[in-house]
Amino acid sequence: MRSIAILLVAMLGLAACGTTGTSGGKQYRISSGATSKIQYRVLDSINILRQASGAGPVELNAPLNAAAATHSRDMSLQNRPWHFGSDGSSPLDRVQRVGYQGNLVGENISETYETEMETLAAWMEQDDTRAVILDPAANDLGFAWFQEKSGKIWWTLVMGRSGMPQAPGQG
């Protein structure tokens with residue numbers, strides 16, 4: 001089942017090449033109007049992968065998208081892919097700052113010249129980043145990027161869990 005899911009993501013990636021960028025040795029450029037297309041393409045691909053693994057679907061979440069966008073731009077400014085902001089903020093700090101009402105499940109990051117589908121496929125090849133994507137606790141997704149003039153893309157994916165019941169005695 002995992003092989004089928006990975007194949008589906010690969011096919012979606014090939015189908016995506018003509019819409020926002022080019023392949024075949026040419027630089028992948030993201031147009032300013034492609035945000036929702038890319039986010040929904042990634043969302044659909046992740047939900048296919050999650051279904052194949054037995055996890056429930058996730059939905060795009062505006063605050064998580066904002067946290068991901070902020071971190072992508074900040075990684076570019078720092079010129080390094082890592083989970084801490086230039087102000088020392090952690091992924092947890094960033095989702096709280098944007099007012100996300102749920103709990104952080106995890107964050108994946110990447111510095112690359114590759115497309116969103118190639119990046120997703122690379123994340124699925126690594127145990128730790130795959131675990132974030134397929135975590136059954138997640139029900140929200142934030143996905144964003146920052147592309148430099150050079151073409152380098154800084155991708156950030158944030159998974160969260162909203163609507164968690166409060167523990168007895170809280171509230």
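Biologist: How are the residues numbered, and which pLDDT is needed for local features?

Modeller: Residues are numbered from 1 along each chain as its sequence is written. This is a predicted model, in which side-chain values use heavy atoms without hydrogens or water, side-chain atom pairs count only at pLDDT 80 or more while totals for chains, interfaces and linings use all residues, and local features need pLDDT of at least 70.

Biologist: Which pattern does the chain follow along the sequence?

Modeller: Helices (H or I, at least four residues) and strands (E, at least two) are DSSP runs, numbered from the N terminus. The chain has six helices and four strands, and, read along the sequence, they follow the pattern α-α-β-α-α-β-α-α-β-β.

Biologist: Are H2 and H5 roughly parallel or roughly antiparallel?

Modeller: Axes are lines fitted to C-alpha atoms, for helices over the stretch in contact, and angles run from 0 to 180 degrees between N-to-C directions. H2 and H5 pack at an angle of about 30°, with their axes 10 Å apart. Angles under 35 degrees count as roughly parallel, over 145 as roughly antiparallel, 65 to 115 as roughly perpendicular and the rest as oblique, so H2 and H5 are roughly parallel.

Biologist: Is Glu118 buried or partly exposed?

Modeller: Glu118 is found in helix H5, and its side chain reaches the backbone nitrogen of Thr115 at 2.8 Å, a polar contact (a pair of N or O atoms within 3.5 Å; within protein, one must be able to donate a hydrogen and the other to accept it, and residues adjacent in sequence count only if both atoms are side-chain atoms). Because its relative accessible area is 40%, Glu118 is partly exposed.

Biologist: Which backbone nitrogen does the side chain of Asn139 reach?

Modeller: Asn139 is found in the loop between H6 and S3, and at 18% relative accessibility Asn139 counts as buried. At 2.9 Å, its side chain reaches the backbone nitrogen of Ser162.

Note on methods: Buried < 20%, exposed > 50% of the residue type's maximum accessible area, 1.4 Å probe, protein only.
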